[in-house]
Every structure is written in structure tokens, then in C-alpha cells.
Amino acid sequence: AEGSAGMEEAAPAPADEARSTGYEPSSLSLQVRGMRTGGDAQARIQDNMLLAFKTLMPRLDAVYASRSAAAPDGFEERINFW
């Protein structure tokens with residue numbers, strides 16, 4: 001059957017697929033990928049959450065300027081406030 005013939009073929013490797021689509025990762029992309037390997041996964045997650053918090057909170061302060069003076073300083077309290 002035609003449908004099962006496609007199932008038997010191996011999927012192309014990611015490198016082969018990248019070549020067929022013409023995608024070439026930039027040197028910065030390769031550097032970031034290299035930074036993601038190894039190390040403490042929990043620490044990376046915490047770092048990402050801290051970065052997200054530090055990016056989002058000033059934006060919320062700017063959008064809701066009339067209420068930002070009343071926003072608490074604490075991490076959890078501030079998330080709950082917004």
C-alpha cells in the first residue's frame with residue numbers, strides 16, 4: 001500500500017533537512033545553542049524567569065502608570081497585584 005511505504009522510509013536528519021531548506025544558523029544562533037547545553041537546568045529556568053519578570057514588570061508599570069505607584073515591591077506580591 002502507498003501509505004505504508006512512506007512510513008518505512010527514515011525521516012531526514014535535522015542537518016539534512018536544514019540543507020534541503022537552505023537554512024544556515026548564524027554564528028550567534030550557534031553560540032546560544034552551545035550555551036544551553038550542560039549546566040544546571042533548574043538554574044537556567046530560574047534565570048529565565050527572573051529575566052522575564054525584570055522585563056515584564058517595567059512594561060506593566062508603563063502601561064498602567066496610574067496604578068504603578070501602588071504596586072508592591074515584593075516578587076510574589078507584585079505578580080499578584082498585576
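Helices (H or I, at least four residues) and strands (E, at least two) are DSSP runs, numbered from the N terminus. By that rule the protein chain has six helices and zero strands, in the order α-α-α-α-α-α along the sequence.

The model is predicted: local features need pLDDT of at least 70, side-chain atom pairs count only at pLDDT 80 or more, and totals for chains, interfaces and linings use all residues. Residues are numbered from 1 along each chain as its sequence is written, and side-chain values use heavy atoms, with hydrogens and water left out.

The accessible surface of the protein chain is about 7100 Å², with 57% of it belonging to carbon and sulfur atoms. Such areas come from the Shrake-Rupley method with a 1.4 Å probe, and for residues only the protein chains shown count as cover. Of the 82 residues in the protein chain, 7% are buried. Here buried means under 20% relative accessible area, exposed over 50%, and partly exposed in between (1.4 Å probe, protein chains only).

Helix α4 covers residues 41-63. The expected span of a helix is 1.5 Å times one less than its number of residues. For the 23 residues of α4 this gives 33 Å, which agrees with the 33 Å between its end C-alpha atoms. At the start of α4, a side-chain oxygen of Asp-40 comes to within 3.3 Å of the backbone nitrogen of Gln-42.

Phe-53, Met-57 and Leu-60 are buried in α4. An α-helix has 3.6 residues a turn, so residues three or four places apart point the same way. The buried residues of α4 pack against α6 (75-81).

Arg-78 lies in helix α6. Arg-78 counts as buried because its relative accessibility is 11%. Leaving aside residues up to four places away in sequence, Arg-78 touches Phe-53, Met-57, Asp-61, Ala-71, Pro-72 and Asp-73, where contact means heavy atoms within 4.5 Å. Arg-78 and Phe-53 are 25 residues apart along the chain, and their C-alpha atoms are separated by 9.9 Å.

Another helix, α3 (residues 27-36), holds Met-35. Met-35 is exposed, since its relative accessible area is 59%. On the surface, Leu-28, Val-32 and Met-35 form a nonpolar patch with about 300 Å² of accessible area together. Patches are made of residues with over 30% relative accessible area and no salt bridge; like charges are joined within 9 Å, and nonpolar side chains (Val, Leu, Ile, Met, Phe, Trp, Tyr) within 5 Å. A salt bridge is a side-chain nitrogen of Lys or Arg within 4 Å of a carboxyl oxygen of Asp or Glu.

Note on methods
A polar contact is a pair of N or O atoms within 3.5 Å; within protein, one must be able to donate a hydrogen and the other to accept it, and residues adjacent in sequence count only if both atoms are side-chain atoms.
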